[in-house]
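Let us walk through a protein chain, piece by piece. Keep the structure in view as you read.

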Amino acid sequence: ASDAACISPDTALEINLARFGAAVLLVFTVIRLLSSSLLNVTKLVTQAANPISERYILIGYGAINQEIAGHLARSGCRLTIAARAVDGAARGFAAKYRCVLVEGDVREPRVLRRLMLRRATRIIVALGEDSLTLETAQLACDIIRSPRRGGQPRAASETNTKDIVFAHFTGSEMHRQLQMSSDFGLTKQRGFTGFAIREAAARYLFSRTWLAETAAEAATIEGESKPRLHVVIVGAGDLGMAMTREAVLHGCSAKLGRPKVTIVDRESNAGEARFRAAMPHLFDMTIPEKDRPEIKFTPCSAEDLCPADLQDGAPITAWILCCGEDATNHALAMRLEGEMRRGLRPPAPIYPRIWQGNVRDGHRHRLGQEDPWRVVVPFGGMQDVVPTLGFLDKAWLEIAQSIHAAYDETVQRNLVASGLAAVIEQFGPPPWDDENGPDGVDRGQLEAAWRHEQKRFRGEWADLPEDAKLANLAAAYQSALRLWELGYDWISRFA
């Protein structure tokens, strides 16, 4: 009572005003949070209910998904971006392109359920760490395939997440292991499709360069009877492994002499062990020597590479620099170009991998008409590679599916021509017993033909094993080379 008596009326008024202001601020904050949450839910529902344009959900907002988001937004697609933390740049991007932002731990089921995953055209998971990406992608697949309320199972068309959920893996080795596990019936990759930006960069380079033509021209100049593709790859990391695989495929597809790949790396022994474990078929001694790719490992760092190195053997068709660091690749490219200009090395195109694109932008003026040599051609920037990913550029997938459909049709036509199709239609597939089976034919021959056909990759595209899909996609990526061999020019929409 004595304390209350000491408070003057003015002081009491100030205290009441402060309390009132705090209450108003609290109410305003609560209303703002509720209105923001309600607005976000309204945007999600409206976006998911719109059947006109495609809807993509990006889980994670690192460098990969940022570039994918920019490409999709410029194409007019609807975007939902979910990430643990969203910065000002992401909010500005979302406001510019009217994207929906969901902030929260994307590894939790409650956050993923808020995204309305079943209403998405594509779901792209890229969290930077492969284990988290694998866990989150599998969780998204489980949510999509979960039964309806009441326990009713969903239709098969609703549970086919293979063509909906795509997960990015930073390591090509992890990607390959998941593909193999899927082929052997394991459950690691039972619901989603993996991709690796490094493998896409390797395909990007070999589908947009004419290294087979370069090798043929070099053989003509040197007076060799059999052209041979010889690629020098500096760097034995994941990208170097992907480049080796594409170089061998490119050389064999071009019907040249057996391809040669020289891999330069400081730790060549460890690199060779990784390569042999990941690609044993390239080192298989059962392949005849005249057809076996020649893969050579040279222990040397990029800084210590001198003009006298790698001068023996087949002429070099191209240099591919993938040391990991943009600055290292750029510096080595400039040094190699200088040695070629001074006559210390035979001229050959140099392809440094520039990931971020900042070095490339500063060097672009040397790649136009002012540089008649056009020796150094950077490649592999995200802005170039991302639009060519299979789930964004459907042209490659459509070509691969057409190749498989033509193959399936040819096999069926051969079955009809051999008479086996008519026998199977009448008596069913072999083996047949003595009472129920065809008469007047060689049953053993028909059964052997049937077993041979069963080994082939036939049926619907979605039911094919991963290695069969990859084989058809590889043929699609080589279509530019095939057209060139027939006398046509390949015009790419991304050229």
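Predicted model: local features only at pLDDT ≥ 70, side-chain atom pairs only at ≥ 80, totals over all residues.

Residues are numbered from 1 along each chain as its sequence is written, and side-chain values use heavy atoms, with hydrogens and water left out.

Start with strands β2 (residues 78-83) and β3 (residues 100-103). They pair in the parallel sense over four bridges. Strands (E, at least two residues) and helices (H or I, at least four) are DSSP runs, numbered from the N terminus. Two strands pair if DSSP finds at least two bridges between them. Ala82 stands opposite Val102 in β3. Together with helix α4 (residues 88-97), β2 and β3 make a right-handed β-α-β unit. Right-handed means that, with the strands pointing away from the viewer, the path from the first strand over the helix to the second runs clockwise.

Next comes Glu129, in the loop between β4 (122-125) and α6. Its relative accessibility is 45%, so Glu129 counts as partly exposed. Buried means under 20% relative accessible area, exposed over 50%, and partly exposed in between (1.4 Å probe, protein chains only).

Now find helix α12 (residues 268-278). Its buried residues are Ser268, Gly271 and Phe275. Seen down the axis of α12, they fall within an arc of 60°, so they line one face of the helix. The arc is that of the directions from the helix axis to the C-beta atoms. The face turned away from the buried side of α12 carries exposed Asn269 and Ala277.
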